[in-house]
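This note sets out, point by point, what a new reader may wish to check in the structure shown below. Each point takes up one topic.

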Amino acid sequence: MRLLTPILLLALTGCGYHQAGSASHIPADVRTLSVPIFTTNAQAFHTEMAFTEATIKELNTRTKYHVLNADSDSADATLHGIILSQTVAPLTYDANTGQSSSYLITITAKAVLTAHDGQVLYRNDSFVYHEQYQSTQDLSGFIQEDNHAVNRVAKEFAQALVSDMLESF
(Lines give C-alpha, C1' and ligand atoms only; values in the text may rest on other atoms or scores of the structure.)
Protein backbone atom coordinates (compact mmCIF):
# COMPACT_ATOMS: atom_id res chain seq x y z
CA MET A 1 0.00 0.00 0.00
CA ARG A 2 2.90 2.37 0.77
CA LEU A 3 4.28 1.86 -2.71
CA LEU A 4 0.89 2.42 -4.33
CA THR A 5 0.36 5.93 -2.87
CA PRO A 6 3.51 7.54 -4.36
CA ILE A 7 2.84 5.90 -7.72
CA LEU A 8 -0.74 7.18 -7.72
CA LEU A 9 0.39 10.71 -6.78
CA LEU A 10 3.03 10.66 -9.51
CA ALA A 11 0.48 9.51 -12.07
CA LEU A 12 -2.03 12.19 -11.08
CA THR A 13 0.53 15.00 -11.31
CA GLY A 14 1.77 13.71 -14.65
CA CYS A 15 -1.68 13.72 -16.27
CA GLY A 16 -2.42 17.39 -15.67
CA TYR A 17 -4.48 16.98 -12.49
CA HIS A 18 -4.67 20.22 -10.53
CA GLN A 19 -6.62 21.71 -7.69
CA ALA A 20 -9.31 24.24 -8.68
CA GLY A 21 -7.83 27.72 -8.92
CA SER A 22 -4.23 26.52 -8.99
CA ALA A 23 -3.78 26.64 -12.77
CA SER A 24 -4.27 30.37 -13.03
CA HIS A 25 -1.94 32.32 -15.29
CA ILE A 26 -2.62 35.38 -13.20
CA PRO A 27 0.40 36.13 -11.01
CA ALA A 28 -0.05 35.86 -7.25
CA ASP A 29 0.81 39.55 -6.78
CA VAL A 30 -2.31 40.62 -8.72
CA ARG A 31 -4.86 41.63 -6.12
CA THR A 32 -6.82 44.42 -7.81
CA LEU A 33 -8.53 44.13 -11.18
CA SER A 34 -9.89 47.06 -13.13
CA VAL A 35 -12.87 46.30 -15.39
CA PRO A 36 -13.79 49.38 -17.44
CA ILE A 37 -17.01 49.39 -19.44
CA PHE A 38 -16.61 47.07 -22.42
CA THR A 39 -16.32 48.71 -25.79
CA THR A 40 -18.59 47.70 -28.63
CA ASN A 41 -18.51 47.48 -32.39
CA ALA A 42 -22.17 46.44 -32.45
CA GLN A 43 -25.10 48.70 -33.19
CA ALA A 44 -27.07 47.45 -30.19
CA PHE A 45 -28.34 49.17 -27.09
CA HIS A 46 -26.78 48.41 -23.71
CA THR A 47 -25.04 45.11 -24.57
CA GLU A 48 -21.65 46.39 -23.40
CA MET A 49 -23.16 47.38 -20.03
CA ALA A 50 -24.79 43.97 -19.56
CA PHE A 51 -21.49 42.21 -20.31
CA THR A 52 -19.48 44.53 -18.04
CA GLU A 53 -21.93 44.18 -15.13
CA ALA A 54 -22.12 40.38 -15.47
CA THR A 55 -18.32 40.11 -15.57
CA ILE A 56 -17.84 42.29 -12.47
CA LYS A 57 -20.51 40.31 -10.61
CA GLU A 58 -18.88 37.00 -11.56
CA LEU A 59 -15.41 38.21 -10.53
CA ASN A 60 -16.76 39.46 -7.20
CA THR A 61 -18.62 36.19 -6.60
CA ARG A 62 -15.93 33.72 -7.62
CA THR A 63 -12.57 35.36 -6.93
CA LYS A 64 -10.68 37.04 -4.15
CA TYR A 65 -9.73 40.03 -6.32
CA HIS A 66 -10.73 43.55 -5.43
CA VAL A 67 -12.61 44.63 -8.56
CA LEU A 68 -12.79 48.25 -9.69
CA ASN A 69 -15.55 49.10 -12.16
CA ALA A 70 -13.47 51.71 -13.99
CA ASP A 71 -10.09 52.06 -15.63
CA SER A 72 -7.63 52.77 -12.82
CA ASP A 73 -3.87 53.23 -12.62
CA SER A 74 -3.96 51.73 -9.12
CA ALA A 75 -5.12 48.32 -10.43
CA ASP A 76 -2.63 45.49 -10.75
CA ALA A 77 -4.31 44.34 -13.97
CA THR A 78 -7.05 45.56 -16.32
CA LEU A 79 -9.65 43.43 -18.07
CA HIS A 80 -10.78 44.93 -21.39
CA GLY A 81 -13.75 43.44 -23.16
CA ILE A 82 -15.00 44.17 -26.65
CA ILE A 83 -18.36 43.24 -28.15
CA LEU A 84 -17.27 42.45 -31.69
CA SER A 85 -20.70 41.82 -33.19
CA GLN A 86 -24.33 41.29 -32.33
CA THR A 87 -26.86 39.96 -34.79
CA VAL A 88 -30.51 39.03 -34.52
CA ALA A 89 -31.98 36.66 -37.10
CA PRO A 90 -35.52 35.31 -37.44
CA LEU A 91 -35.58 31.66 -36.47
CA THR A 92 -39.19 30.54 -36.83
CA TYR A 93 -42.30 32.01 -38.40
CA ASP A 94 -45.97 31.94 -37.47
CA ALA A 95 -47.80 29.97 -40.19
CA ASN A 96 -50.95 32.09 -39.86
CA THR A 97 -49.45 35.57 -39.92
CA GLY A 98 -46.14 34.98 -41.67
CA GLN A 99 -44.43 37.05 -38.95
CA SER A 100 -41.35 35.92 -37.08
CA SER A 101 -42.22 34.09 -33.89
CA SER A 102 -38.73 33.50 -32.52
CA TYR A 103 -35.30 34.94 -33.06
CA LEU A 104 -31.70 33.89 -32.60
CA ILE A 105 -29.33 36.45 -31.14
CA THR A 106 -25.61 35.88 -31.71
CA ILE A 107 -23.00 37.86 -29.81
CA THR A 108 -19.26 37.64 -30.44
CA ALA A 109 -16.85 39.12 -27.91
CA LYS A 110 -13.22 39.12 -26.87
CA ALA A 111 -11.42 39.78 -23.61
CA VAL A 112 -7.85 40.72 -22.72
CA LEU A 113 -6.38 40.88 -19.21
CA THR A 114 -3.28 43.05 -19.11
CA ALA A 115 -0.92 43.55 -16.17
CA HIS A 116 -0.02 47.05 -15.03
CA ASP A 117 3.33 46.69 -16.86
CA GLY A 118 1.58 45.85 -20.18
CA GLN A 119 2.12 42.08 -20.12
CA VAL A 120 -0.87 40.15 -21.46
CA LEU A 121 -1.95 37.70 -18.76
CA TYR A 122 -4.99 36.29 -20.53
CA ARG A 123 -6.57 36.67 -23.96
CA ASN A 124 -9.50 35.10 -25.76
CA ASP A 125 -10.54 36.59 -29.11
CA SER A 126 -13.36 34.17 -29.89
CA PHE A 127 -16.24 34.08 -27.44
CA VAL A 128 -19.39 33.30 -29.45
CA TYR A 129 -22.82 32.90 -27.87
CA HIS A 130 -26.27 32.16 -29.29
CA GLU A 131 -29.58 32.60 -27.51
CA GLN A 132 -33.08 32.01 -28.80
CA TYR A 133 -36.05 34.07 -27.68
CA GLN A 134 -39.72 34.23 -28.54
CA SER A 135 -41.43 37.33 -29.88
CA THR A 136 -44.78 38.46 -28.57
CA GLN A 137 -47.56 38.84 -31.12
CA ASP A 138 -50.02 40.34 -28.61
CA LEU A 139 -49.10 44.03 -28.54
CA SER A 140 -51.19 44.69 -25.40
CA GLY A 141 -48.95 42.35 -23.42
CA PHE A 142 -45.77 43.06 -25.36
CA ILE A 143 -42.52 42.41 -23.49
CA GLN A 144 -39.26 43.12 -25.24
CA GLU A 145 -37.45 39.79 -24.91
CA ASP A 146 -34.19 40.66 -26.66
CA ASN A 147 -32.83 42.46 -23.55
CA HIS A 148 -33.46 39.35 -21.46
CA ALA A 149 -31.68 37.24 -24.06
CA VAL A 150 -28.68 39.61 -23.97
CA ASN A 151 -28.60 39.37 -20.17
CA ARG A 152 -28.63 35.56 -20.34
CA VAL A 153 -25.78 35.60 -22.86
CA ALA A 154 -23.85 38.10 -20.71
CA LYS A 155 -24.14 35.81 -17.69
CA GLU A 156 -22.93 32.78 -19.70
CA PHE A 157 -20.07 34.87 -21.10
CA ALA A 158 -19.00 36.07 -17.64
CA GLN A 159 -19.05 32.55 -16.21
CA ALA A 160 -16.97 31.20 -19.10
CA LEU A 161 -14.55 34.13 -19.01
CA VAL A 162 -13.82 33.87 -15.29
CA SER A 163 -13.53 30.09 -15.46
CA ASP A 164 -11.16 30.34 -18.42
CA MET A 165 -9.05 33.02 -16.72
CA LEU A 166 -8.75 31.00 -13.53
CA GLU A 167 -8.51 27.47 -14.88
CA SER A 168 -6.89 27.66 -18.30
CA PHE A 169 -3.68 25.69 -18.54
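1. Terms for strands. Two strands pair if DSSP finds at least two bridges between them. Helices (H or I, at least four residues) and strands (E, at least two) are DSSP runs, numbered from the N terminus. In the hairpin formed by β4 and β5, 6 residues lie between the strands, and Gly 98 has a positive phi near 80 degrees.

2. Basis of the note. This is a predicted model, in which local features need pLDDT of at least 70, side-chain atom pairs count only at pLDDT 80 or more, and totals for chains, interfaces and linings use all residues. Residues are numbered from 1 along each chain as its sequence is written, and side-chain values use heavy atoms, with hydrogens and water left out.

3. Strand pairing. Strands β4 and β5 run antiparallel and are joined by 15 bridges; Ala 89 stands opposite Leu 104 of β5. β1 and β4 run parallel, with 2 bridges between them, and Leu 33 faces Ala 77 in β4. β2 is likewise parallel to β4, again through 2 bridges, and Thr 40 has Ile 83 of β4 as its bridge partner.

4. Thr 32. This residue belongs to strand β1. With a relative accessible area of 15%, Thr 32 is buried (under 20% counts as buried, over 50% as exposed, and in between as partly exposed, with a 1.4 Å probe and protein chains only). Which residues does Thr 32 contact, leaving aside its neighbours within four places in sequence? They are His 66, Leu 68, Ala 75, Asp 76 and Ala 77, where contact means heavy atoms within 4.5 Å.

5. Helix α2. The expected span of a helix is 1.5 Å times one less than its number of residues. For the 16 residues of α2 (residues 47–62) this gives 22 Å, and the end C-alpha atoms are 22 Å apart, so the two agree. Buried residues of α2 include Phe 51, Ala 54, Thr 55 and Glu 58. An α-helix has 3.6 residues a turn, so residues three or four places apart point the same way. The buried residues of α2 pack against β1 (32–34), β2 (39–40), β3 (66–68), β4 (77–93), β5 (100–115) and α3 (146–167).

6. Helix α3. The 22 residues of α3 reach 31 Å from first C-alpha to last, close to the expected 32 Å. Among its buried residues are Val 150, Val 153, Phe 157, Leu 161 and Met 165. The elements covering the buried residues of α3 include α2, β4, β5 and β6.

7. Aromatic pairs. Rings of Phe, Tyr and Trp (its six-membered ring) pair if their centres lie within 6.5 Å; planes under 30 degrees apart count as stacked, over 60 as edge-to-face and the rest as tilted. By this rule there are 6 aromatic pairs. The pair of Phe 51 and Phe 157 is tilted, because the ring centres are 4.9 Å apart and the planes lie at 40 degrees. This pair links helix α2 with helix α3 across 106 residues, and both Phe 51 and Phe 157 are buried. Tyr 103 and Tyr 133 form a stacked pair, at 5.6 Å centre to centre with 25 degrees between the planes. Tyr 103 lies in strand β5 and Tyr 133 in strand β6 (residues 120–134), 30 residues apart. Tyr 103 is partly exposed at 22% relative accessible area, whereas Tyr 133 is buried at 9%.

8. Ring cluster. Ring pairs join Phe 38, Phe 51, Phe 127, Tyr 129 and Phe 157 into a cluster.
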